[in-house]
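My plan is to go from the whole fold to single side-chain pairs.

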Amino acid sequence: MPKYLESHGKTLTLAGQKLSAELYDPAVGAMLGWLAAGDVARHSRYGELSQVVLNTAQGDRFLREDIAIETFVRALVPFLRRLDRGDFDTNGAASVTTFFIGACRNRIGEVVWSHHTRIMELRADTEELLDRARNTTIGPDTVDGFELARDLLLKAPRNLRSVLLLVIYEGTTLAEAAKRVGVKPTTIRSQLMRYKNHIAWLHFRRTLEIPEATSLGQWARNTAEERKIAAEARRAKQSVA
């Protein structure tokens, strides 16, 4: 039997990299299908899932990809460790891929719930941003926050920027503003999620500075690091394909 992890149990061997590449497409593809169909709750093995996330994921391809890839990354090393211990009968009727998709079913619930927290934080961070933009008193204590809010709005897609400006200056809800701009509220919510992920990358690449003391800045750093790990997993898959 080949060993899939080095002796310290964290780094993949060449056999582990090859197997990971073979597992990536079927496992990630299966999870993307569950998410697009709104069927994750039936496949997940643990607990009730966040309906907020499941509803959002059905209309947001980027969120579906994030959840599927994060689940793959979380499940991979523990699964390979169990393979090395001989916990699975790989000569039986079930394939290694089937076993691994089962491992993803064990993990996807916790990943879905982690995105529930992010979506709730998104709403809070958006309110924080809008509060900064509503502040018309410009002084030494407010100018940095006002400039940040202006920079973030200028970097938003046109439809989203128009909606946010209506929310800021007229006090409408996101849904009401979206209808006035002629865009579906679900489209605006998806754009808002993608835009926030874009902000995280800008911050990570040091092209946009978000103060560390703000919850938005903390979220941006954490999200950028997680997306970097996911990107490294994709590159590893491509290098052994």
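Among contacts between residues at least 6 apart in sequence, what share joins residues at least 24 apart? I looked it up, and the share is 62%. Contact here means heavy atoms within 4.5 Å.

A note on sources: I am working with a predicted model, where local features need pLDDT of at least 70, side-chain atom pairs count only at pLDDT 80 or more, and totals for chains, interfaces and linings use all residues. I number residues from 1 along each chain as its sequence is written, and side-chain values use heavy atoms, with hydrogens and water left out.

**Fold**

I counted secondary structure next. The chain has ten helices and zero strands. Both kinds of element are DSSP runs, numbered from the N terminus: helices are H or I with at least four residues, strands are E with at least two. Read from the N terminus, the order is α-α-α-α-α-α-α-α-α-α.

**Surface**

I then asked how much of the chain is buried. Of its 241 residues, 42% are buried. The classes go by relative accessible area: buried is under 20%, exposed is over 50%, and partly exposed is in between (1.4 Å probe, protein chains only). The chain exposes about 13,100 Å², and carbon and sulfur atoms supply 52% of that area. Accessible areas come from the Shrake-Rupley method with a 1.4 Å probe; for residues, only the protein chains shown count as cover.

**Salt bridges**

How many salt bridges does the structure hold? I found six. The term needs a side-chain nitrogen of Lys or Arg within 4 Å of a carboxyl oxygen of Asp or Glu.

I looked at Arg42 and Asp39 to begin with. Their side chains form a salt bridge, 2.9 Å from N to O. Arg42 is exposed, at 60% relative accessibility. Asp39 is partly exposed, at 23%.

Next I checked Arg85, which pairs with Asp87 in a salt bridge; the closest N and O atoms are 2.8 Å apart. Is Arg85 buried or exposed? Arg85 counts as exposed, because its relative accessibility is 53%. Asp87 reaches 35% and counts as partly exposed.

My last pair was Arg107 and Glu110, whose salt bridge spans 3.5 Å from N to O. Both residues sit in helix α5 (residues 96–134). They are three residues apart, about one turn of the helix. Arg107 is partly exposed, with a relative accessible area of 26%. Glu110 is partly exposed too, at 36%. Arg74 also belongs here: salt bridges that share partners join Arg74, Arg107 and Glu110 into one network.
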